Structure formats: C-alpha cells, structure tokens
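Visitor: Please show me the model. I have some questions about it.

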Amino acid sequence: MRILLRNPAFWLILPSLLLPLLIIAYPIFDVFRASTHYVTRLGMIKGFIGLDNFVELFQDPIFIESLIRTIWWTIFVVGGTQLVAIPVALILSEDFWGRGVVRVIIMLPWAMSLAMSAIVWKWTFNGQFGMLNYLLETMGILDKPFIWFASAENAFMIEIFVGIIVSIPFTVTILLGGLSSIPRDIYEAAEVDGATELQRFTRLTLPLLKPFINIALVLNIIYVFNSFPIIWVMTRGGPNNGTHILITYIYQRAFEFGKIGQGAAGSIIMLIILLTFSILYLTLMREKK
C-alpha cells in the first residue's frame, strides 16, 4: 500500500477512479438503500423494512405481467431490428447512385429523440386525426376511422413496430462499420473459385460480420430492455395496464403512486436481470472462443 501511495501514477489515475464511484456506485447504493426502507412521497427514507418492497411487487399481478411483457418486447424489437438491419446494411454497403441520400434517410430517426419519435408515431396512429387512417380511408381500405390504441394487443404491436423502426439506424451503423472492415479481395477470390452469391454471404459475410452482430445484439438488448419513452409517450402503459413494461411500471409506481421504495426495488430487479444476461453472454462467448 505504501508503495502504491508513493507511485505518482496512482495519484494521476485517482481522479478517474473516484469519478465512477461518485457517478455510478453511490446512486446504486442509494437505490439499494431505498429498496429496503420505507420512503415517503417526498423521498425521505424512514424505517428499515427489509424485503417488504420486493414482496409487494411480486404479489402485484401487473408487475408479473409487465416482467413477462418486457421479455417479449425485448425479443421482438431486438430480433426484428436485426432481421431488418442486416439486409439494409448490405444494400447500403454497395456502391449505387444516391447511396448518400438513402443513408441519410435511414439515419434520420436516430437524429430525433425517442420521445419526439414516439409523439410523431402516436399522432400517425391517432384514431380520429391520424395520418394512417386518413391514408387508408382515401385508398378505400377503411370505411371509417379505426381506433388503433383501443386494445392493448394492437397498441403493443404498434409499439413493437415503432421500437424496431427507431432501433434500425443504430444497428445499421454498427453493421456498416463491420462490412467496411471486410477486405474485398476475399469476395473476388471466392467468385473466381465459383462460389455463388448466397455462398459468399453465408460463408464469408456472416462469419466475418458475426462480432459486429454480437455487439449490436448486446447493446440493443440493454437499450431496448430499458426503453422508456416509446411505451410511456404512446400509451402510458394502457389501456388497462396492458402495455406496461418493467421500466414504465416502475416509473408509474414510484412517481405517480408515490411508492418510491417499490420503484427502487423494481430497479434492483432490472439491474439483476441485465447483469445476469451480461454474465451469461460473456461466459458463452468465452467458451466459444
């Protein structure tokens, strides 16, 4: 320890060590503390109640439904994003006239905040004044306006669609970086050897692109799992609590119902889920290597 304190390098890196402790460690500790105490609406921590907040959460059927729905939300949005982003990235990696304009159009949703994108899509699917209803009525597909958010099933599917749309630009950017790092010589050699376009894609492009697909997959899972604005702006978890995911349920529980301790407990559960996923993923990747 004395040797460490006498080392000038230690004092140089000490500020960078203290900063994460202040920004990350203390808030996590504070959330843990709130989850095991009774917290007033004003955020004042009163008495220690142990795991009562966690017990109350798991006794709430809406919490269980939100947890299950969060898993489906993450699977469908992340899976749908990957399925769309890979062919889009392959197309944008080719040299064609107007490629720059197309890239800008694809990246536009990324330039907008999620809340703003959610507002635009909410008005697009508005049952009375929405652009989609107007378009479908003009084309003769609908005789009268359709209330898209009347049922939780329809609303949740729309939100999944919007989640995929806003996640595509980020994923395409990662995949384009991967595609640009693949040398073109191997494709020319494969073509000389008689490999078809499908064989070049399955045996060259996908294996070489796999590390970038994995990066996009992990980042999107974490990002989508915690995605708050789309659900909250479009339906606020309704109708009848049928579109809540964990993050919106926790927010409503803590800041609308004033149960901050239960909100903190829900945040801890989310943290445990994401940490478990990250550890399992890293373990599997290490075993494959």
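Visitor: Is arginine 236 buried, partly exposed or exposed, and what is its relative accessible area?
Guide: This is a predicted model. Buried means under 20% relative accessible area, and exposed means over 50%. Arginine 236 falls in between, so it counts as partly exposed, with a relative accessible area of 43%.

Visitor: Where does arginine 236 lie, and what is its phi?
Guide: Most residues other than glycine have a negative phi. Arginine 236 has a positive value. The residue lies in the loop between α11 and α12.

Visitor: Which phi does asparagine 241 have?
Guide: Asparagine 241 also sits in the loop between α11 and α12. Its relative accessible area is 25%, so it is partly exposed. It is not a glycine, yet its phi is positive, at about 60°.

Visitor: Is the peptide bond from glycine 238 to proline 239 cis or trans?
Guide: Most peptide bonds are trans. Look at proline 239, in the loop between α11 (229-234) and α12 (246-256). Omega of the bond from glycine 238 is near -5°, and the bond is cis.

Visitor: What is the radius of gyration of the protein?
Guide: Start with the extent. The C-alpha trace spans about 75 × 75 × 30 Å along its principal axes. A compact globule of 289 residues would have a radius of gyration near 19 Å. The protein has 24 Å.

Visitor: How far apart do the centres of the positive and negative side chains lie?
Guide: The protein has 20 positive side chains and 18 negative ones.

Definitions and conventions. Residues numbered from 1 in each chain as written. Predicted model: local features only at pLDDT ≥ 70, side-chain atom pairs only at ≥ 80, totals over all residues. Heavy atoms only, no water. Rg over C-alpha atoms; globule rule 2.2 N^0.38 Å. Lys, Arg positive; Asp, Glu negative; His and termini not counted. Charge placed at Lys NZ, Arg CZ, Asp CG, Glu CD. Helix = DSSP H or I, 4+ residues; strand = E, 2+ residues; numbered from the N terminus. Buried < 20%, exposed > 50% of the residue type's maximum accessible area, 1.4 Å probe, protein only.
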